[in-house]
Amino acid sequence: MTAADESSGYPRLSLSNLIAFSTPNLCIGALAVALGVYLPRYYAGHIGLGLGAVGLAFMAVRLIDTFFDPWIGVAMDKTRTRYGRYRPWMMVGAPILMVAVYMLFEPSAGVSYPYLIGWLFVYYIGTSLITLSHSSWASVIAAKYHERSRVFGMIQLLGIIGAAIVILLPILIAKLKLPSASQGVGEMGLFVVAGAGLGVLWATVQTPERLTTHVSPTIRLRDYWQMISRPDMRRIILADFCLALGPGWMAALYLFYFHDARGFTIANASILLGIYIIAGILGAPTLTYAARRLGKHKTLMIASTGYSLGLAAMIFLPRANLLFGGIFMFIMGFLASSFPLLDRAMVADVGDAVRLEQGQHRIGLLYAMITTSQKVATALAIGLSYSVLGWIGYDAREGAINTPAAIHGMELVYLIGPIVFVMLGGACFIGYKLNATRHGEIRDALDARDGAMTAAGKSIDLSSAGAIIETFPA
């Protein structure tokens, strides 16, 4: 790590350490595309489990899994080991995720619904352990308002790179005419397995963990309500739900829409999706810079408005035109890269406000609420959109020929919901108060209190005071 930031006294991750810390998001970003776009269609169309049934399976498991995240977050906040608070959880999550991904992306013959449901459940537990520990750890590493944009921006960038690699796999397989019984899905799974193992290993070895220690009281139901009832956190949760539901809805129907409604081949649709993802490599740092100038919530409002207007304009694009489609998808991917980046950085700001007010470290619980809202959103995105497609008579089986009415209905399903949800997500931040100025005041108060406590070198009752800062080596 580099020398401490003069304005805060907190060490700042060097670029090399920041990249190492961010590498677990390679597999998470890859999974966002592989599981959100390709895997449901693979099980519904190629394996033949049925469109509505696959959608309901993804939705049901996701909704059940949401009950685990708050408890995992609380357990992380209460953890204290010689290796740190969040590092052990990430190390436990990696093998769980790797096994589940392998079983889902390399299914044996005669796969059944219980098989899909069971391994989806294990998969979601593994992703919860990694994403919760990673985001919570990041919020401790980055103490300052703008430094959080830098750290979460790099995490987002690595996720985009992972997603881009996954997009390229089926394209390369088709171009090189390589044998693949799973249409590239199996190769996606193997990449994720390797990325999860190596990424988590590199991050946990290279990154020291700064730990805010305290004695955590037993978490009660009213503690959850206390966090949700905060105006700033309530806005972030609702915005995160909408900004996950809109793009998640589109991702679930993406290949159906671009193939049947827009006239692209599956290969060209994958190329366009790759452009969408790769645009985030430029969008993440650019919007991070914009957030430093405008503030996180204002940047997110601008990006979400532009995204919704872009979706409304999609129907005017010429069919099967790769040039116009590529330009459009680049703009949309550029804007969408801000959604997960900025709302997670804002959660870390709320965590500081909570610690100042309550003397309690609640960042794991706060991030658990965000991952819960995202899981509910993505569950509804797949479950509802697939159910609606089945209801309007759309046939998802490979080689099926749909009527013009069914294709038109699918177009409406693809566009209307995401336009409304993304616009609502941005509107949640109208009048948002926790800006850079307010967060600076909070950090100054925390730094002064922590410094006084450290200098005093005494045992402190943390029910009325802040926390001591310790560092666990990598």
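Tutor: Start with a rule for helices. The expected span of a helix is 1.5 Å times one less than its number of residues. Keep in mind that this is a predicted model.

Student: How do you know that the span of helix 8 agrees with that rule?

Tutor: Helix 8 has 22 residues, so at 1.5 Å a residue it should span 32 Å. Its end C-alpha atoms are 31 Å apart, which agrees.

Student: What about helix 3, and which span is expected there?

Tutor: Helix 3 covers residues 51-65, which is 15 residues. The expected span is 21 Å. From first C-alpha to last, helix 3 reaches 22 Å, close to that value.

Student: Which residues of helix 3 are buried, and what do they pack against?

Tutor: The buried ones include Leu51, Val54, Phe58 and Met59. Arg62 and Asp65 are on that list too. The buried residues pack against helix 2, helix 4, helix 6, helix 10 and helix 15.

Student: Why is Val200 called buried?

Tutor: Buried means under 20% relative accessible area. Val200 has 4%, so Val200 is buried. Val200 is found in helix 8, residues 185-206. The buried residues of that helix also include Val192, Gly199 and Ala203.

Student: What does Val200 touch, leaving aside neighbours within four places in sequence?

Tutor: Val200 is in contact with Pro24, Met90, Met91, Ala94, Ile130 and Gly195. Take Ala94. Val200 and Ala94 are 106 residues apart in sequence, but 6.8 Å apart in space, C-alpha to C-alpha.

Student: Is Thr23 buried or exposed?

Tutor: Set the value against the cut-off again. Thr23 has a relative accessible area of 4%, which is under 20%, so Thr23 is buried. Thr23 lies in the loop between helix 1 and helix 2. Not counting residues up to four places away, Thr23 touches Leu158, Gly199, Trp202 and Ala203.

Student: What makes the phi of Ala320 worth a remark?

Tutor: Most residues other than glycine have a negative phi. Ala320 is not a glycine, yet has a positive phi of about 55 degrees.

Student: Why is Asp343 called buried?

Tutor: Its relative accessible area is 2%, and the cut-off is under 20%, so Asp343 is buried. Asp343 is in helix 14, residues 338-358. Leaving aside neighbours within four places, Asp343 is in contact with Ile236 and Asp240.

Student: What makes the pair of Asp343 and Arg344 a polar contact?

Tutor: A polar contact needs N or O atoms within 3.5 Å, and residues adjacent in sequence count only if both atoms are side-chain atoms. The contact between Asp343 and Arg344 joins side chain to side chain, at 2.9 Å.

Student: Why is the pair of Tyr307 and Phe339 called edge-to-face?

Tutor: The ring centres are 5.4 Å apart, so the rings pair. The planes meet at 70 degrees, and over 60 counts as edge-to-face, so that is the label. The pair links distant parts of the chain: Tyr307 is in helix 12 and Phe339 in helix 14, 32 residues apart. Tyr307 is buried, at 0% relative accessibility. Phe339 is buried too, at 4%.

Student: Which residues form an aromatic cluster?

Tutor: Tyr254, Tyr257, Phe258, Phe264 and Tyr414 form one.

Student: What is the mean pLDDT of the protein, and where is confidence lowest?

Tutor: The mean is 82, and 88% of the residues reach 70 or more. Confidence is lowest in strand 2, residues 468-472, at a mean of 38. Helix 5 has the highest, at 95. Over residues 1-10 the pLDDT is below 50. Over residues 458-474 the pLDDT is below 50 as well.

Student: Why does a low value matter?

Tutor: Where pLDDT is low, the predicted coordinates should not be read in detail.

Key
Residues numbered from 1 in each chain as written. Predicted model: local features only at pLDDT ≥ 70, side-chain atom pairs only at ≥ 80, totals over all residues. Heavy atoms only, no water. Helix = DSSP H or I, 4+ residues; strand = E, 2+ residues; numbered from the N terminus. Buried < 20%, exposed > 50% of the residue type's maximum accessible area, 1.4 Å probe, protein only. Contact = heavy atoms within 4.5 Å. Polar contact = N/O pair within 3.5 Å; in protein donor to acceptor, adjacent residues only side chain to side chain. pLDDT = per-residue confidence, 0-100. Phe/Tyr/Trp six-rings, centres within 6.5 Å; stacked < 30°, edge-to-face > 60°.
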